[in-house]
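Hello,

I am passing this structure on to you, with some notes to read alongside. Please have a look at it first, and then read on below.

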Amino acid sequence: MYTSLLLLLAGSGSDSALDANTTERIGPSSRVLPRCNVHVFEPVHKTSTKSRQGGSTESQYDVFSRIAPRVNSTPRSSADWILFGSDLTFRDAHRYPAIRELIELAANSTVPIVASSFFIHTRVPHLPRRSVYIFSEMETRSEQILVPFALTVGSKLDGLAPPTAWENRRTALFVGHVPQLWISTTRWRIWRQLYNRSDATVASPDVWTLGIGLECARNGTWQEHCTGLHGPVNMSCDLKPRSATRCRTVLREPGFLRDFVAAGGAVVPSKLGRDAYLRAGLDHKFCIVAAGDYPNTGKYVEAIIFASRGGCVPVFIGVSPRSLAFGSVIDYRRVALWSGVSSLGSNLDLWRRWSAEQVRPMMEYARTVGKLLDYDAEGAEQALREVCRRVRIGRGPEPAMGGRVYG
């Protein structure tokens, strides 16, 4: 059990390094802060993970159940901060009564309180900002404490065969959701560059939905194009754009109508199963991690853990530093490559010629810090250290260090 937290505050020196024993960045001006005691407040109303939006369990948002069990509650009178014992990420009949309990607790507490409302769309209203902190997937306000997505990756990778030899690997792995263009064009532009590369693995269950943009052109329709594709029955040929504004966004995207039609059957839904995806992370040189509907994505955690097992090296595109957990500890410049969208293809052509020795430092650093992002390893402990750091020094968001963007 996590009985107390020993915190080391990072110094400002450029020669800071990661100490493997404390998992905190150590610099010449570091100082030891007092131990941090936690009291767990058990409210009457508790939400259920099964009641999140749309009835989806979305286990990746369930960070509270990965952190709370590691806390050994101390008496409230001796606590440095209080952990609120109901996860406000999940929307059900208990959520608003639980929020009212949290507000009442904050009004009667002399120490900071930490609650979990991880999903970006589940904001908690009317909280006093100076006394309540929130576990979150992004840091956009000073009271938010960014922690990793609750992904189970490391332990499953450890059960697989060793990674493929570097020189025998395919170059790039890019899988997942592709947002509509009026939300973000980043993943579409990546998909367009990679889908027909023989050295890349590309899979998306929904890139086909961008085809509704064909309805914005006068000389073609999505229905006409869709019926000529041979794909699963879950492709709806009756979709329509919802507004003229969205059509204008589609028509402003350079070459979209031409490129989407030219892709033909490549847009048919495809998805790697979980086991195949984990295996692919060990069989490719680079994993493309890109901003999606929001500037954040849980795939950065998976990619770093892949690299920690000798798998693919992360390539970040459009990923906000404010969506990378534990930026006061992890130097993301040492664990990932950074690329612009338009230069991705040429960068991959360059990077794929690198030797195993050239990427080894990134993999070794990933092995050191990957455990801090993995709740099966030290993720929960590091989240608690981060809370202690924040409540002790009263500091607002501290974004992670980004890397040089190639191109």
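**Helix 9 and its surroundings**

The buried residues of helix 9 pack against helix 3, helix 8 (274-283), strand 12 (284-290), strand 13 (313-317) and helix 11 (356-369). Before going further, please note that this is a predicted model, in which local features need pLDDT of at least 70 and side-chain atom pairs count only at pLDDT 80 or more, while totals for chains, interfaces and linings use all residues. Residues are numbered from 1 along each chain as its sequence is written, and side-chain values use heavy atoms, with hydrogens and water left out.

Helices (H or I, at least four residues) and strands (E, at least two) are DSSP runs, numbered from the N terminus. Buried means under 20% relative accessible area, exposed over 50%, and partly exposed in between (1.4 Å probe, protein chains only). Contact means heavy atoms within 4.5 Å.

Helix 9 covers residues 299-308, and nine of its 10 residues are buried. Among them are Tyr 300, Glu 302 and Phe 306. After the helix comes Gly 310, which has a positive phi, near 85°.

**Two helix pairs**

Helix 9 packs with helix 11 at an angle of about 110°, and their axes are 7 Å apart. Axes here are lines fitted to C-alpha atoms, for helices over the stretch in contact, and angles run from 0 to 180 degrees between N-to-C directions. On the helix 9 side, Ile 304, Ala 307 and Ser 308 meet Met 363, Ala 366 and Arg 367 of helix 11. These contact residues divide into four nonpolar, one polar and one charged (Ala, Val, Leu, Ile, Met, Phe, Trp, Tyr, Cys and Pro count as nonpolar, Asp, Glu, Lys and Arg as charged, and the others, Gly among them, as polar).

Helix 4 and helix 10 (residues 344-351) have axes that come within 10 Å and cross at roughly 50°, and these helices are therefore oblique to each other. Ile 190, Gln 193 and Leu 194 of helix 4 make the contact with Leu 344, Gly 345 and Leu 348 of helix 10. Here the division is four nonpolar, two polar and no charged.

**Aromatic pairs**

How many aromatic pairs does the structure hold? There are 15. Rings of Phe, Tyr and Trp (its six-membered ring) pair if their centres lie within 6.5 Å; planes under 30 degrees apart count as stacked, over 60 as edge-to-face and the rest as tilted.

One of the pairs is Trp 166 with Phe 286, edge-to-face at 5.8 Å centre to centre, with 85° between the planes. Trp 166 sits in the loop between helix 3 and strand 10 (170-175), and Phe 286 in strand 12, 120 residues apart. Both Trp 166 and Phe 286 are buried. Trp 188 and Phe 260 form a tilted pair, 6.3 Å centre to centre and 40° between the planes. Trp 188 lies in helix 4 (residues 186-194) and Phe 260 in helix 7 (residues 256-263), so this pair ties together parts that are 72 residues apart in sequence.

**A loop residue**

Thr 152 lies in the loop between strand 9 (144-146) and helix 3 (154-157). At 31% relative accessibility, Thr 152 counts as partly exposed. Leaving aside neighbours within four places in sequence, Thr 152 is in contact with Arg 66, Arg 274 and Asp 376.

Best wishes

Technical notes: Parallel < 35°, antiparallel > 145°, perpendicular 65-115°, else oblique.
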